[in-house]
Amino acid sequence: MPTTPSFNPPTRILMGPGPSGAHPRVLKAMTAPILGHLDPEFLRIMDDCNEMLRQVMRTANRITLATPGTGTSGMEAAVMNLVEPGDKVVVGICGYFGERIAVMAERAGGQVTRVPAPWGSPTDFAGVEAAIRAAGNVKVLGIVHAETSTGAQTPVEPFAKLAKESCALLLVDCVTSLGGVPVTVDAWGADAVYSGTQKCLSAPPGMAPLTMSPRAWDAIKAREVPCNSWYLDLSLLEAYWDERRAYHHTAPISMVYALHEALALVLDEGLERRWARHERNGRALQAGLEAMGLVLHADAGYRLPVLTTVRIPEGVNDAEVRGALLDRNGIEIGGGLGDLRAKVWRIGLMGESSTPGNVLLVLNSLGKVLREQGFSADIRAAVETAAARLGS
Ligand SMILES: *Cc1c(COP(=O)(O)O)cnc(C)c1O
């Protein structure tokens, strides 16, 4: 008789900054038998994943694959492969993840110029433009499309145009946007774009979709020194993911199954419909929170529908509220990160978690906990306002 107990996680409603809830079909795919990583059937689903990723990322880039590891592995692969010692890099930073790109670029030996913007605003275009002019000969311009730490979205097109004019490569973090808000790699003209499986794609954390434009690929091929990361060296990874099938690492087999199923669900729903669903649910939540009497943190006009930051009212205990939501309702929402710690909550509506039911549930549950904390939340107005938005 085995005596060591198995782990049985409680059922949660994941409405934080990630991971999001996974579709039962995705979880079921992960229970399929393991195949060898060079089994012809496994190679076939790797190819299928790459083809589906091209559709979901709206790109024809040949170099489109998923790196092993969470979203950060995609970031590290993009930065480490593009940046060589001495390269000039400009990073637009309007939150926690932009700073992470800058730190990685420094570790790759880049000469990094940071262009800060307030946490809650989009990336500072004029500041980035000035920094690129001042530095001259910039190789990589890095921005974050959807800043999960602040809930703000940066429009990519102006930066793509600027990068092209300046002969720089545009790197865009789409970890939180892919599968939730429009990511159109080729139409943008972005050169290096990565994401993660655990946000709006609604698979477990574990892989990072990544695509490189022909221009970016040329730059990688022209490197004078090898990539500082062996595991994420795209020249090596390419030889595994393309028809050469050269052993590099053992693919995370079950995660590839999960990614395959998650991408199939995205394409079955249709990208436009999926974007519209995230938009509708996110705007309903935001209108509901305001009707409740709360203040949204990110700049109006730049608010992400998939991740909403809302300010914690004066006198309300951050940890107690999040604890109560988790214990009583099984709802996970996120606390603030970095500069916004204890100042905001982060409510995610990503992938499978983006449902009208979850919008109403979180408004109701949060409202009740806030009332216990002495904040006079107008729950009725919140729910009615959100319901009206959801119905329209
Ligand atoms: C979540 C996130 C990451 C990192 O992804 P992990 O899966 O946590 O490694 C990077 N950038 C942004 C914008 C994110 O939201």
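Arg283 and Glu279 are both located in helix H11 (residues 271-292), where four residues, about one turn of the helix, lie between their positions in the count; helices (H or I, at least four residues) and strands (E, at least two) are DSSP runs, numbered from the N terminus. Their side chains meet in a salt bridge with an N to O distance of 2.9 Å, a salt bridge being a side-chain nitrogen of Lys or Arg within 4 Å of a carboxyl oxygen of Asp or Glu. Arg283, at 22% relative accessibility, is partly exposed, and Glu279 is likewise partly exposed at 34%, where buried means under 20% relative accessible area, exposed over 50%, and partly exposed in between (1.4 Å probe, protein chains only).

The model is a predicted one, in which local features need pLDDT of at least 70 and side-chain atom pairs count only at pLDDT 80 or more, whereas totals for chains, interfaces and linings use all residues. Residues are numbered from 1 along each chain as its sequence is written, and side-chain values use heavy atoms, with hydrogens and water left out.

The structure holds 23 salt bridges in total. One of them joins the side chains of Asp191 and Arg215 at 2.9 Å, N to O, and this pair links distant parts of the chain, with Asp191 in the loop between helix H7 (185-188) and strand E9 (192-194) and Arg215 in helix H8 (residues 214-221), 24 residues apart. Asp191 is buried at 3% relative accessible area, whereas Arg215 is partly exposed at 33%. A salt bridge is also formed by Lys221 and Glu238, whose closest N and O atoms are 3.9 Å apart; Lys221 belongs to helix H8 and Glu238 to helix H9 (residues 234-241), 17 residues apart. Of these two, Lys221 is partly exposed at 47% and Glu238 is buried at 7%. Both residues take part in a network of salt bridges that also links Arg62, Asp242 and Arg244.

The domain assignment, which is automatic or comes from a database, gives domain 1 (24-268) and domain 2 (270-391). Their centres, taken over C-alpha atoms, are separated by 28 Å, and the contact (heavy atoms within 4.5 Å) takes 32 residues from domain 1 and 24 residues from domain 2. One salt bridge is counted between domain 1 and domain 2. Glu272 forms a salt bridge with Arg58, the closest N and O atoms being 3.4 Å apart.
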